[in-house]
Amino acid sequence: MLPTALLTDQYELTMVRAALAAGTADRRSVFELFPRRLPDGRRYGVVAGVGRALDAIERFRFDEEAIDFLRGRDVVDDATAEWLAGYRFSGDVWGYPEGEIYFPGSPLVVVEGGFAEAVLLETVLLSIYNHDCAIASAASRMTAVAEGRPCIEMGSRRTQERSAVAAARAAWVAGFTATSNLEAGRRWDIPTRGTAAHSFTLLHDSEADAFRAQLAALGEETTLLVDTYDVEQAIRTGVELTSGRLGAVRLDSGDLPVMARNVRALLDSLGATSTRIIVTSDLDEWNIAALASAPVDGYGVGTALVTGSGHPTSGFVYKLVARATDADPASPLVPVAKKSTDKISVGGRKHALRRLDADGVAEAEVIGVGAPPQGDANDRPLLVELVRGGEVVGAEPLDAARERHLRSRSELPLEALKMSRGEPAIETLWLEADGDAQANPFQH
């Protein structure tokens with residue numbers, strides 16, 4: 001796989017150049033990636049992209065071609081070029097595991113190392129997390145309201161080709177059952193699905209000829225797209241050609257709740273009681289919720305999913321929150337914070353746990369500033385070790401993230417799954433190192 005070092009902003013490298021010249025590049029530092037707030041109206045967010053971020057850290061290398069490019073643009077001088085040639089992240093990373101739920105202020109990633117080596121990871125980590133968490137958060141709302149009916153990711157044609165693969169991965173983490181994207185299937189072992197488009201029907205002299213060709217190639221369990229011409233006639237043709245054993249029909253237009261009921265009644269009257277109904281056509285979580293009482297067996301979701309259903313980014317930032325006073329590795333860390341209006345950060349390293357009530361329902365996100373907050377028997381610490389001494393230690397199978405998400409979402413109070421706009425499902429509590437509460441620094 002290709003190096004990831006140039007998937008970054010120029011100012012990361014100019015900061016390194018200046019810090020090397022000033023003698024501050026090796027000061028031990030702590031950076032945190034976090035949201036100040038959730039996207040407007042959302043009640044929770046979903047962590048995705050952790051595995052991709054760990055891959056990116058491992059591949060963050062400056063090869064000869066990259067360094068020549070940076071020299072040619074005068075981004076780096078000779079000393080910086082020499083330093084970059086030997087770059088390997090050697091620090092530590094903690095973070096929320098993939099699939100976990102997050103809330104405002106959650107310290108999703110904590111990076112500790114020398115200033116220069118840690119600041120270089122800012123852009124690539126934000127790129128991955130801001131995109132993947134946005135997709136997973138939208139996907140989670142969709143699978144929640146689908147109430148067990150399968151959702152298939154079909155958005156590759158509605159986004160950039162690389163982000164399409166990442167979107168399919170994030171959707172899988174949040175409960176989607178398959179993707180239409182073959183590269184996502186190859187790279188991440190996600191189940192893939194797909195049958196035919198309207199063009200296939202239009203290619204043939206008749207709809208019956210198109211259906212015969214598809215059935216001959218793919219078998220009776222295939223899904224026939226039935227709204228190219230006349231839906232009722234298409235269904236009658238599909239049922240007749242399979243003697244009632246047709247696997248599924250797909251509806252891609254019209255008033256879907258009404259059509260689904262009419263199609264179910266027609267299928268049943270023709271004896272095709274086992275034929276499933278799949279619906280597509282610009283679905284989002286609200287459309288899926290509106291179909292809850294309709295006789296629908298599955299959903300294909302494209303544009304809304306891969307664009308975050310109105311929130312294509314998660315609004316994460318990556319901020320320095322603590323640094324040593326000099327380059328001595330034994331020097332103590334001192335908190336540092338940004339005070340800009342509406343863009344503040346909170347100094348000091350963060351720790352987090354999920355507070356649960358006696359029934360296992362989430363009550364609060366508790367963030368300790370400078371020390372881990374104390375929980376009771378069923379509270380859950382949220383940060384796990386991801387990188388130790390530059391070596392990835394937190395890699396896991398993608399299915400583990402998927403299972404974690406379903407568990408974490410099941411802990412949320414019921415109001416978290418409402419489709420109406422609202423505040424975060426649980427509050428975020430901030431504790432000083434001595435255990436005293438402090439005001440929410442991101443409160444409007």
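Modeller: What follows is a short tour of sheets, helices and a few single residues.

Modeller: This is a predicted model, in which local features need pLDDT of at least 70 and side-chain atom pairs count only at pLDDT 80 or more, while totals for chains, interfaces and linings use all residues. Residues are numbered from 1 along each chain as its sequence is written, and side-chain values use heavy atoms, with hydrogens and water left out.

Colleague: Sheets, then. What is the order of the open sheet of six strands?

Modeller: The order is S7-S6-S11-S10-S9-S8, with parallel pairing; strands here are DSSP runs of E with at least two residues, helices are runs of H or I with at least four, and both are numbered from the N terminus. Two strands pair if DSSP finds at least two bridges between them. Strand S7 (178-179) and strand S8 (223-225) stand at the edges with a single partner strand each, so one side of each has no neighbour in the sheet.

Colleague: Which residue stands opposite Val301, and which opposite Tyr299?

Modeller: Strand S6 (residues 151-153) pairs with S11 in the parallel sense over three bridges, and Glu153 stands opposite Val301. Strand S10 (residues 276-279) also pairs with S11 in the parallel sense, over two bridges, and there Val279 stands opposite Tyr299. From S10 the chain crosses through helix H13 (residues 285-290) to S11 in a right-handed β-α-β crossover, that is, with the strands pointing away from the viewer, the path from the first strand over the helix to the second runs clockwise.

Colleague: What about the open sheet of five strands, what is its order?

Modeller: That order is S16-S14-S15-S19-S20, with mixed pairing. Strand S16 (380-381) and strand S20 (437-438) are at the edges with a single partner strand each, so one side of each lacks a neighbour in the sheet.

Colleague: How many bridges join S14 to S15?

Modeller: Seven bridges join these two strands, which run antiparallel, and His351 stands opposite Gly368 in S15. The hairpin of S14 and S15 has five residues between the strands, and Gly360 there takes a positive phi near 80 degrees. Strand S14 (residues 350-356) is mostly covered, with six of its seven residues buried. Strand S15 (residues 362-369) pairs with strand S19 (residues 427-431) in the parallel sense over five bridges, where Ile367 has Trp430 as its bridge partner.

Colleague: Switching to helices: which residues of H3 are buried?

Modeller: In helix H3 (residues 64-72), Ala66, Ile67 and Leu70 are buried. Seen down the axis of H3, the buried residues fall within an arc of 95 degrees, so they line one face of the helix; the arc is that of the directions from the helix axis to the C-beta atoms. Helix H1 (10-22) and helix H4 (78-85) are among what covers them, contact meaning heavy atoms within 4.5 Å. The face turned away from the buried side carries the exposed residues Glu64, Glu65 and Gly72.

Colleague: Is Arg169 buried or exposed?

Modeller: Arg169 is buried, with a relative accessible area of 3%, and it lies in helix H7 (residues 161-173). Leaving aside neighbours within four places in sequence, Arg169 is in contact with Gly49, Gly51, Arg52, Glu98, Trp188, Ile190 and Leu398.

Colleague: Last one, what is the phi of Ser243, and what is that of Ser309?

Modeller: Ser243 has a positive phi of about 55 degrees although it is not a glycine, and Ser309 has a positive phi near 50 degrees. Most residues other than glycine have a negative phi. Ser243 sits in the loop between H11 and strand S9 (248-251) and is exposed, with a relative accessible area of 56%. Ser309 lies in the loop between helix H14 (303-306) and strand S12 (316-324) and counts as buried at 10% relative accessibility.

Terms used. Buried < 20%, exposed > 50% of the residue type's maximum accessible area, 1.4 Å probe, protein only.
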